[in-house]
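Here are a few exercises to work through with the model open in your viewer. Try each task before you read its solution.

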Amino acid sequence: MRARLLPLVAASAVGLLALTGCVANATDADSANAALTVDSSADACTVSAAEAPSGNLSFAVTNSGDQVTEFYLLAEDGLRIVGEVENIGPGLSRDLVVQLAPGNYLTTCKPGMVGDGIDKTAFTVTDSGDEVVDADLDAQVEVANTNYAAYVRDQVAQLLTGTQAFADAYLAGDDDTARALYAPTRAHWERVETVAESFGDLDPQLDLREADLEEGQDWTGWHAIEKDLWPAEAEAGFAAYTPEQRQNLADLLVTDTETLNDKVQDLDFTLSQQTNGAIGLLDEVATGKVTGEEEFWSHTDLWDFQANIDGAKVLYAGVRDILIEEDADLATELDTEFAALQELLDAQRVGEDFTLYTDLTPAEVKAFADQVNALGEPLNQLTATLVL
Amino acid sequence: MNDSPAPDSTGATAGTPPDGSALESTTREGTAREGTAPTAARGLSRRGLFGLAGAGVAGLGLGIAGDRAALAVAASSAQTSAGAVYPFFQKHQAGIVTPAQDRLHFAAFDVTDGTSRADLIELLQDWTVAAAAMTAGQDVGDYGSVSGPYDAPPEDTGEALGLPPAGLTITFGFGPSLFQTAEGVDRFGLAARRPADLVDLPHFPGDMLEETRSGGDLCIQACADDPQVAVHAIRNLSRIAFGRAAIRWSQLGFGRTSSTSTSQVTPRNLFGFKDGTANIKAEEPAAATEHLWVGSSDGPAWLAGGSYLVARRIRMTIETWDRTSLREQETVIGRNKGEGAPLSGGTEFTEPDFELAGRADQPLIDTAAHVRLAHPTQNDGIRILRRGYNFVDGNDSLGRLDAGLFFISFQRSPESFTAVQLNLARHDALNEYIRHVGSALFAVPPGAAKGSYVGAPLFA
């Protein structure tokens, strides 16, 4: 499977504390975004105003110096970060959008990214009369993190056990059993695919499709074995693998999965890594599974589809309580769209199995694609809503 | 590289129409026209006119075909500018360092079974005559769209009547299969003349090439600022080719995604980002000589002063891109979206600084960012001239727009493209959002000489 080559977008090191800047259920249509500018130079951090009304505020930060700079909006104690923009190259501008409750804050810049920040200036937010949510949700986020890390460990452990059984059947020449184990075992991978992809080499070693190969590259992993297990679907002239090839592929499959298992023992997930993980899993569905591109020979794409959705649902469930406090409407919308997608998947169940992708009618495929889009749009608001 | 636009001031001049009383046999002499319009020593062959002439006369030479620019001025008071005109007969074919026009119509052709070497030469001659006329803003044929015998089909299809030249350029290329088919057949006695570099591009990781959108014996790139003019060019050349070659696949492009001159504002591709900032520009003739034009000792003599054209149809999965955060979009590209400046700072044309680090010592321009992986400093100094176009061709059965970039590049050797593309295909963060679905490579011969035809040295 095509790897997402960027690391999962990480919130800042103190991102957990930035939740006070989240977007609330703004029902007042008149609350306009106050727009401020910040000029960050070598020795000054000039904000266009020292005061603004509560609600949505936008700071357009321009780096007029010649070092990389940062802008921080701090709480009154000068320590807690309420909002920030990092990594602004010389000459560039970037916007910080926050929602602020009435109170006293401080603005500061860090040209060269060192030290405590220069030109710390008081910034006052007056009461505009608009409602602003100000919840301290650290504990909830930590619970979500712990739970998700445990889920990942558990899925990968099941993946490892399942892979060992699959490899045994494949090597023993018991192709029927191997074929029966293929999709259900892969489901454990697909549920946590975005986490696995963050480990660079493991994803191409385990999940590369034939089309993704470079000329001369060794092809290993699930799909290399898939082709051998469903030779009737392969191109004319495809030769079954030799016992040596089978041995090699099966061994590597197990070894690489063991490596993955080691790597997931000690993970930590920030809030934005969780929300972006859910978004990433839905992107997997939108680009590969809904088109039948993933399981080229076995056509077991719907198993993968369900597994990706399972993973997204777990991530969503972990942050749902936080979301309800920030934006209950979005939570309702996501609940509805997840349910609608699950209904479509349930309609394709055949006992413990799913309809093969090639047996879906064009109308059924279109219904899936439409619903993936219907879920994707609101789901992609999740990070911005929860992590500002 | 003499692509200086010059307004065409020629009015319609009359050549000497042949005697209309009998079908003329084909001769190789045309009638030289007065005025500044480019002329060929011959007109369309009789075969070239086969589809064009009816019971009437098979005319020869560039006769009284209407000069569209003049007609336009005469017919419409609103038309005050004839637009740029790029002469067809030049040292290098136009449409390469020519300032990129706004519209594209590109077609790959396969030579029809039964076409002989002589037929192929005649086709290229006919195409040359027609291309020279159209790029000068004139109709194809002796009588053009509306001035011919009443019982004959018009020689020019007519939809460009009244339209100015609109900067039309027509560029021709030869594919590997022209020299030798995949089965090794040398249809035209050209196999020994094939440049060693002219072989199909290798498979790149992630390619999803469709056979029906790839390859081709011949290609024609028509670019203009008016879409109707670009379409008219391909359509008429295709018509002229009937019986000798047929369109294999074609592509319309509606917005340029490159600048080939510093006088041009950088346009945006369908990701919403500026595209073509760091490109070989017409104002750098030394760069063109080093990176663009085939040198006289690079390969067979017939290609010296020509180039190689790579065409790649790149589908963008814009629905997932559009749902992606601005942060990720900028991280993937390596530039900011509004200004097009590299994330290391400056303005659009500031050189990227790939070392400059931000928080946690991570480079401001991500290691997998597109601008880094494509940059000459990361590819042994390789530079190519990009001249691509946006496309949106309807939608697929899943309700997604079939949208993307029809990538075209010109370079001295296909190896330049291959090296950079391999780097991108392996590492580019942008791969998440694109699929290469079509691919073709063509050798673009040097410019044709007046009195001769495009690619003539190949057959000499």
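**Exercise 1. Describe the side of chain B that touches chain A in this predicted model.**

Solution. Start with the count: 35 residues of chain B are in contact with 33 residues of chain A, where a contact requires C-beta atoms within 7 Å. Next, look for the elements involved. Those of chain B that give two or more residues to this side are helix H6 (318-322), helix H7 (326-333) and helix H9 (414-427). Of these, H7(B) gives the most, with three residues.

**Exercise 2. Summarise the fold of chain A in numbers.**

Solution. First list the elements: chain A has 11 helices and 11 strands. Then turn to burial, where 43% of the 388 residues in chain A come out as buried. Last, take the contacts in chain A with a separation of 6 or more: 74% of them join residues 24 or more positions apart.

**Exercise 3. Which strands form the open sheet of five strands in chain A, and in what order?**

Solution. Reading across the sheet, the order is S3-S9-S8-S5-S6 (chain A), with mixed pairing. At the edges sit strand S3 (51-53) and strand S6 (81-88) of chain A, each pairing on one side only. Ignoring direction, neighbouring strands of this sheet are turned by 20° against each other on average.

Now zoom in on one pair. Strand S5 (residues 69-75) and strand S8 (residues 103-109) of chain A run antiparallel, paired over five bridges.

Methods:
Residues numbered from 1 in each chain as written. Chains lettered and ligands numbered in written order. Predicted model: local features only at pLDDT ≥ 70, side-chain atom pairs only at ≥ 80, totals over all residues. Contact = placed C-beta atoms within 7 Å. Helix = DSSP H or I, 4+ residues; strand = E, 2+ residues; numbered from the N terminus. Buried ≥ 20, exposed ≤ 12 C-beta atoms within 10 Å, placed from the backbone. Pairing = 2+ DSSP bridges. Axes fitted to C-alpha atoms, helices over the stretch in contact; angles between N-to-C directions.
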